[in-house]
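Visitor: I'd like to learn how to read the inside of a protein model. Could you walk me through one, feature by feature?

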Amino acid sequence: MSLGVIWMVAMALGPAAIGRALDAPDFAGLLRWAGVFVFLCAVTAWANIMRHRFAVYNWLRAAYRTIQLTVDQANRLGATLPKRIATGEVVSIGNSDVSHIGGALDILLRGSGAVVAIVVVSIILLTTSFQLGLVVLIGVPLMMSAVALLIRPLHTRQAAYREQQGRLISRAGDIVAGLRVLRGVGGESVFAASYRTQSQKLRTEGVRVGKVDALLEAAQVLLPGLFVALVTWLGARFALAGEIQVGQLFSFYGYAAFLLVPLRTIVELVDKVTRGLVAARRMVYLLQLEPEIDEPGALDRSMPPTSAVDLHDPTSGVTIEAGRFIAIASAKPEDAAEVVDRLGRYADSSVTADGVPLEKMARRAIREVILVGDNDARLFSGELRAELDPRAGTPRAATDEEIRAALTAASATDIVDALPDGLDSFVAERGREFSGGQQQRLRLARALLADTPMLLLVEPTSAVDAHTEARVAARVGPYRAERGSRSTVIASTSPLVLDRADKVIYLEDGKVVAEGTHRELLRTEPRYRAVVTRGEDA
């Protein structure tokens, strides 16, 4: 900002040096003031270069720092984020809001210089000609007041446009993610029509913003232009009347022409700061969100990163013994999913691990021991090997044999074999080149490779055929057992999975009503039999 002030003030003093040179009584005075003018030009050039350098630095710093804060907050919120804010809002922060926030900091450098320059020019004009100085002091606030009338409607329309833009981005993401399903059920035209309608609403909001923006752009030219014409006309009349000298007339014209720069900069300052405030308000809303589950203030103990533990959920009565393959079946699948969320500490509860409440343990320690895998997990873009192995690139990275073993357990070796470069093949964003069933098997292989002591899976075979499901159910338990005391919990109502479990826990209304093997419950529990056989006679 200091460089911006030096830059603008040096430019503002240029017309004064020219005027003094023209009114110089001798050649020596002419050279002296010409030298002053050259010096001011050099200072202007240096200050402008340095100001621009710092302006770009501030712009990039603000933009990328905003992205860093967004990512950090997204990581802190974790599973809370998609419940509180749409994906499109987060994407818009990274796409457009960072630019507006950076632009607001950028314009502060020139804006501060513009304000000081107007003050300097006003003082010079007042000391040279009180009447012209008074015109400047009155005219500048009047012009700014006229511009201010456009700021509030611009602010309101930009906020509406920004909100509509976030909704449209979210809708676009949903359509792309579910495109294969939409094609399968013939729903492309319906969603295309819905997207087109929302797109036109966004276009309408954009036009409304554009109208006010166009008025601001016009004001940047019209109002300063009228002001320059007025100052020039008054200065010419004073020169003809002999109240000011010829050199001073040229100086006044120079001041009037120069004032176009700071006046337009101030209008730009108001516009960009307004856009920055709209963007910052969305950013602040994201930063104010708090995770549903807070980190405990005082930890009773840290969970050992390699330990197998017994989990107990008092809300449902579910108990998971260490080292066993347990299935959870429920008349309502969402009840089983809620139990898994509590056991994995993704929902606030009084679940205990070996008698110690999870709420008193560090979340990082919990995540190292308990892994929850569900069908909302995503495959990221990159080399398949790195996408499957959570420890890729570290000394603990899995070997090809270990990756192949996990793929075999997940019945996914055929997927990798069909790729041109095998494990070295590149995976597109969200694994869109794979079918739903293939993505599900690759996600399962990734969860198995994580090799956590406690693995909780929600419907891991819902998108595969019966033959593949049978292979997965037969292989997952032995694969985990080979790696020591590993606990595996699967929430499912598939008889193929339930028949392979060491124990099945049956829930009704979120409470445990029966436990035993699959075959025992089929004989002794009619409600369980009705759920797993889909109402058919066992």
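Guide: Happy to, and keep in mind that this is a predicted model. Let's begin with a cavity: α5, α7 (188-240) and α9 (260-288) each supply at least two residues of the lining of the largest cavity.

Visitor: Which residues line the largest cavity?

Guide: Its lining is made of Met 143, Met 144, Val 147, Ala 219, Leu 223, Pro 224, Leu 263 and Val 267. By class, that gives eight nonpolar, no polar and no charged residues. The space in the largest cavity is about 50 Å³.

Visitor: How many cavities of 30 Å³ or more are there?

Guide: The count is two. The second largest cavity holds about 40 Å³, and around it sit Leu 444, Leu 457, Pro 460, Thr 461, Val 472, Ala 473, Val 476, Ile 490 and Val 497. Its lining splits into eight nonpolar, one polar and no charged, with α16 giving the largest share, three residues.

Visitor: What about a pocket? How is the lining of the second largest pocket divided among nonpolar, polar and charged residues?

Guide: That one has four nonpolar, six polar and two charged residues. The second largest pocket has a volume of about 240 Å³. Elements giving two or more residues to its lining are α1 (2-22), α4 (87-128) and α8 (246-258), and α8 supplies the largest share, five residues. Among the lining residues are Arg 20, Asp 23, Gln 245 and Tyr 255.

Visitor: What does Leu 407 contact, leaving aside neighbours within four places in sequence?

Guide: Leu 407 meets Leu 388, Ala 412, Thr 413, Val 416, Leu 423, Leu 442 and Ala 445.

Visitor: How do I read a helix with a buried side?

Guide: An α-helix has 3.6 residues a turn, so residues three or four places apart point the same way. Take α10 (residues 333-343), where Asp 335, Ala 336, Val 339, Val 340, Arg 342 and Leu 343 are buried. Viewed down the axis of α10, these buried residues fall within an arc of 160 degrees, so they line one face of the helix. Just past α10, Arg 345 has a positive phi of about 65 degrees.

Visitor: Can we try another, say Thr 70? Where does Thr 70 lie?

Guide: Thr 70 is in helix α2 (residues 27-77) and is buried, at 7% relative accessible area. Not counting residues up to four places away in sequence, Thr 70 touches Val 90, Ile 93, Met 283 and Leu 286. For a strand case, look at Ala 353 in β4 (residues 352-353), buried with a relative accessible area of 0%.

How values were computed: Residues numbered from 1 in each chain as written. Predicted model: local features only at pLDDT ≥ 70, side-chain atom pairs only at ≥ 80, totals over all residues. Heavy atoms only, no water. Contact = heavy atoms within 4.5 Å. 1 Å grid on protein atoms, 1.4 Å probe; cavity = no way out; pocket = protein on both sides within 12 Å on 5 of 7 lines; lining within 4 Å. Points joined across faces, edges and corners; volume = space filled by probe spheres on them. Helix = DSSP H or I, 4+ residues; strand = E, 2+ residues; numbered from the N terminus. Nonpolar A, V, L, I, M, F, W, Y, C, P; charged D, E, K, R; others polar. Buried < 20%, exposed > 50% of the residue type's maximum accessible area, 1.4 Å probe, protein only. Arc of directions from axis to C-beta.
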